[in-house]
Amino acid sequence: MSRKSGTRERILQASLQLFNEQGERNVTTNHIASHLGISPGNLYYHFRNKQMIVAELFTRLERDMSQFFVIRSDGSVTLEDKATYLEGLLQLLWGYRFLHQDLDHLLSADPALAERYRTFSRTCLKDARALYQAFIEAGILQMTPRQLDALVINAWVIANSWVRLMPHSLDSGEVSEDLMRQGIYQLLMLEDGYVTPAYRDAITRLHDSLGARQPSQ
């Protein structure tokens with residue numbers, strides 16, 4: 001990696017860390033430069049303003065999310081995949097949590113980002129629907145197309161809202177196991193009424209292993 005690209009990457013990593021820990025509104029380009037021990041001019045050489053940094057971080061979220069929804073080449077899924085997919089989704093959203101914690105502000109400040117986010121949401125809903133459809137075809141879930149559409153939307157709302165419920169004191173950048181288990185449990189319970197009889201006992205055991213505790217107030 002060249003020195004130029006190395007500095008650019010350091011700026012992005014530092015920005016993501018500071019945005020997540022302090023909120024994007026509370027972090028300026030001067031804060032980022034000071035955190036890295038570089039001059040503001042050096043930062044501006046790579047990014048003309050903070051909006052450009054946010055836009056690049058959003059590009060990375062788009063890329064990571066597209067990789068997350070990949071299903072096996074044969075289209076098969078198993079019961080064990082359910083918790084794995086949900087954990088991966090919550091980890092990913094937590095890694096870019098600043099975007100969801102102050103989403104309205106970010107989108108109102110950047111119309112181009114707002115349009116990209118609308119496209120991103122539509123793509124995620126489409127991919128999530130395909131994933132749930134795979135679980136239906138595997139015989140794990142049974143529902144009508146209308147029920148499937150509602151499930152996809154409700155799951156997306158909860159997944160995006162869950163990162164806002166996580167305590168801001170968690171500055172390590174990692175989701176605690178307890179919080180992750182609670183988030184997965186909430187998402188799984190959306191499907192509870194659609195589980196087929198053949199998988200009911202196994203799903204119940206999975207629910208029991210996650211627990212039904214609510215987030216600490």
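Let's start with Y44. Is Y44 buried or exposed, or in between? Y44 counts as partly exposed, because its relative accessibility is 36%. On this scale, buried means under 20% relative accessible area, exposed means over 50%, and partly exposed is in between, with a 1.4 Å probe and protein chains only.

Before going on, a word on the source. This is a predicted model: local features need pLDDT of at least 70, side-chain atom pairs count only at pLDDT 80 or more, and totals for chains, interfaces and linings use all residues. Residues are numbered from 1 along each chain as its sequence is written, and side-chain values use heavy atoms, leaving out hydrogens and water.

Back to Y44. It sits in helix α3, residues 40-46. Helices here are DSSP runs of H or I with at least four residues, strands are runs of E with at least two, and both are numbered from the N terminus. Y44 touches T29 and N30, not counting residues up to four places away in sequence. Contact means heavy atoms within 4.5 Å. The C-alpha atom of Y44 is 9.5 Å from that of A33, and the two residues are 11 apart along the chain.

Now the whole chain. How many helices and strands does the chain have? The count is 11 helices and 0 strands. Of the 217 residues, 45% are buried. Take the contacts with a separation of 6 or more: 72% of them join residues 24 or more positions apart.

Next, confidence. The pLDDT, the predictor's confidence in each residue from 0 to 100, averages 86 over the chain. At least 70 is reached by 88% of the residues. Confidence is highest in helix α2, residues 29-36, at a mean of 97. It is lowest in helix α10, residues 177-190, at 78. Over residues 213-217 the pLDDT is below 50, and this stretch has 7 contacts in the model beyond near neighbours in sequence.

On to the core. A nonpolar core is a set of buried Ala, Val, Leu, Ile, Met, Phe, Trp, Tyr and Cys residues joined through side-chain atoms within 4.5 Å. The largest one has 63 residues, and I32, I53 and M65 touch the most other members. Helix α8, residues 111-137, gives the largest share of this core, 11 residues.

Stay with M65. Leaving aside neighbours within four places in sequence, M65 contacts L89, L92, L93, F120, C124 and W156.

Now helix packing. Axes are lines fitted to C-alpha atoms, for helices over the stretch in contact, and angles run from 0 to 180 degrees between N-to-C directions. Under 35 degrees counts as roughly parallel, over 145 as roughly antiparallel, 65 to 115 as roughly perpendicular, and the rest as oblique.

First pair: helix α4, residues 50-68, and helix α5, residues 79-95. They pack at about 180 degrees, with axes 11 Å apart. So α4 and α5 are roughly antiparallel. L61, D64, M65 and F68 of α4 meet Y85, G88, L89, L92 and L93 of α5.

R60 counts as buried because its relative accessibility is 14%. Not counting residues up to four places away in sequence, R60 touches E9, L12, Q13 and Y96. R60 and Y96 are 36 residues apart in sequence and 9.3 Å apart, C-alpha to C-alpha.
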